[in-house]
Structure formats: C-alpha cells, structure tokens
Amino acid sequence: MAPLRFAANLAWMFQEQPTLPQRIEAAARAGFAAAELGFPYACSAPELRAAAERAGLELVLLNTPPGNAEKGDRGLGAVPGRQREFREALALAVQYAKTLQCPRIHLMAGRLPVGTEREAVSAEMENIFIENLRYAADILAQQNLIGLLEPINSRITDPCYFLTTPHQAAAILKKVGSPNLKLQLDIFHCQIMDGNLTRNLETYFPILGHVQIAQVPARHEPDSPGELDFPYLFQLLESMGYSGYIGCEYAPRGDTVKGLDWLRSYWKSHGLHSGGS
C-alpha cells in the first residue's frame with residue numbers, strides 16, 4: 001500500500017512565521033512536500049508562486065474568498081442575493097490557482113443570513129448553491145481544476161454554516177452532476193456531526209477529492225488527547241487506496257515543528273525521511 005501524502009495547512013500551522021511566503025518555506029524545512037493555503041489573497045500570487053518554487057513545495061488547495069469576513073461572511077456559494085459576488089470571488093480564486101499551479105479550490109458555501117432559521121431558508125439556499133456550483137463547474141473545467149465542497153460542523157465550529165454533513169454535500173453533488181466537483185471530507189467536522197467514520201469514508205470514497213484531519217474536540221495534532229484513533233484511520237485510507245492529499249488543518253498545541261512527532265513517526269514507519277522521499 002502506498003503511503004499517504006500530507007499537506008501542511010498554512011492558515012493554521014507555522015503561525016510562528018509572520019507571512020505566508022515564510023510559512024511556505026518553514027513547511028518545506030519541516031519535511032512537507034505540499035501545503036494548503038486557506039485564504040492567500042493578502043499576498044500576490046506571483047510572490048507565493050516564487051516562494052513555493054524556492055521551497056520545492058506543491059500548493060494543493062485554496063479557498064474561494066470568504067466575502068466580507070468582517071461582517072461575518074464565510075463564503076458566498078449558497079447565500080441569497082450574493083450570486084454576482086460569488087462569481088467575482090470564483091474568478092479571483094481561479095486566477096490564483098492558475099498562477100500557483102494549485103489544482104483544487106474549496107467552493108465555500110457560506111452562512112445562513114442573519115436572523116433566519118435553517119429550516120426556513122435551506123431549500124432556497126440549496127437551489128442557489130446548485131446554480132452557483134454548475135456555473136463554477138464549467139469555469140473550473142475550462143482550467144482543468146477541481147472544485148471541492150466541505151461540510152463544516154454546526155455544533156462547535158459554526159452554528160450558521162449552510163453545508164454541515166457529508167450526506168448533504170453528496171446529495172448536492174449528485175444534483176449538480178459535474179465530475180470535476182468532489183467532496184472535501186474534514187474528519188474533524190465529520191466526527192462531530194455524524195461519527196461513523198469507517199462507514200462514511202467507505203460510502204463517500206467514490207466522490208472523495210480531499211481529506212483533512214484534526215483531533216476531536218480540541219482540534220490539535222492527531223496524536224493529542226481526543227476521540228479519534230488516527231493510526232487506524234490512516235491504515236483505513238491506505239487500504240482503500242486513497243491517493244489524494246491529507247490536509248493538516250489543526251491548531252498546534254505549541255511550536256508547530258515540535259508537534260510533528262506524529263508525522264515523523266508515520267514517515268519512519270513507511271521508510272520515508274520526509275513527505276517527499
């Protein structure tokens with residue numbers, strides 16, 4: 001079985017470094033061969049590309065711009081009345097992805113409008129999301145890019161996020177019917193909303209485009225105290241033949257590099273010196 005490939009999430013890890021280019025270089029020094037960027041838009045795409053090339057790091061995922069984060073936006077994909085802004089955000093994300101040679105974009109669904117109840121707006125928001133996703137799928141296909149849908153738990157992280165479970169995401173993906181749109185399964189969110197991780201990974205494996213990890217409930221390193229048995233989950237993903245990346249979207253308990261014993265142990269158990277060899 002081929003070893004799993006891990007990507008540092010630079011929105012969470014290597015916060016000891018003040019800038020995104022410095023975090024790219026720090027991730028490479030720590031042994032990573034790939035990274036997720038989150039929201040890279042405060043830096044120029046050419047600057048980030050140059051940093052990645054210097055470091056020999058592959059950039060594998062970025063998010064669409066959130067909208068107006070100061071006003072509580074967390075994506076625009078399903079938000080009523082924001083379709084034009086979604087298309088503008090998508091265009092910017094595609095521009096960055098092309099320059100960065102990043103093949104995947106997380107198409108953020110967004111939050112329920114302030115003052116609304118989920119039951120009252122869910123049907124309208126799903127219809128808007130499907131419309132926007134069909135538009136996005138066509139744009140992404142022209143650029144040979146993959147769009148990802150990530151459910152975010154509503155119990156701890158964001159009670160107002162629209163897309164909350166793999167089941168909901170899979171149903172929407174089926175309605176959209178585009179092969180270049182896939183599921184981004186964050187095991188942290190999935191455990192909180194549904195658990196049943198073995199069955200969920202098996203069920204949604206055919207549409208799985210990306211995986212992310214963090215321990216539950218504190219969202220720290222995989223070997224920190226918590227509910228999840230990551231050696232088992234890693235072995236399960238290996239046995240299923242998962243060949244995509246696993247994004248390390250967790251908050252280090254302390255120094256990022258000192259907290260990578262779990263990853264060094266994984267590499268050593270598979271005869272690797274780092275994520276690239």
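Before you click, know that the model is predicted: local features need pLDDT of at least 70, side-chain atom pairs count only at pLDDT 80 or more, and totals for chains, interfaces and linings use all residues. Residues are numbered from 1 along each chain as its sequence is written, and side-chain values use heavy atoms, with hydrogens and water left out.

**Stop 1: strand β1**

Select residues 5-9, strand β1. Helices (H or I, at least four residues) and strands (E, at least two) are DSSP runs, numbered from the N terminus. Four of the five residues here are buried, so β1 is largely enclosed by the rest of the structure. Buried means under 20% relative accessible area, exposed over 50%, and partly exposed in between (1.4 Å probe, protein chains only).

Strands count as paired if DSSP finds at least two bridges between them. Look for Arg5 and its bridge partner in β8, Tyr245.

Next, bring in residues 34-36: this is β2, parallel to β1 and joined to it by two bridges. Here Ala8 has Ala35 as its bridge partner. Show helix α1 (residues 20-29) as well, and you have a right-handed β-α-β unit made of β1, α1 and β2. Right-handed means that, with the strands pointing away from you, the path from the first strand over the helix to the second runs clockwise.

**Stop 2: salt bridges**

A salt bridge here is a side-chain nitrogen of Lys or Arg within 4 Å of a carboxyl oxygen of Asp or Glu. The count comes to 13.

- Pick Arg74 and Asp158, which meet at 3.2 Å, N to O. They are 84 residues apart, Arg74 in the loop between β3 (58-63) and α3 (83-100), Asp158 in the loop between β5 (146-149) and α5 (166-176). Arg74 is partly exposed at 27% relative accessibility, while Asp158 is buried at 2%.
- Go to helix α3 for Glu88 and Arg84, four residues apart, about one turn of the helix. Their closest N and O atoms are 2.6 Å apart. Arg84 is exposed at 58%; Glu88 is partly exposed at 46%.
- Select Glu249 and Arg219, with closest N and O atoms 3.1 Å apart. Glu249 is in the loop between β8 and α9 (261-269) and Arg219 in the loop between β7 (208-213) and α8 (230-240), so the pair ties together parts 30 residues apart in sequence. Glu249 is buried at 12%, and Arg219 is buried at 9%.
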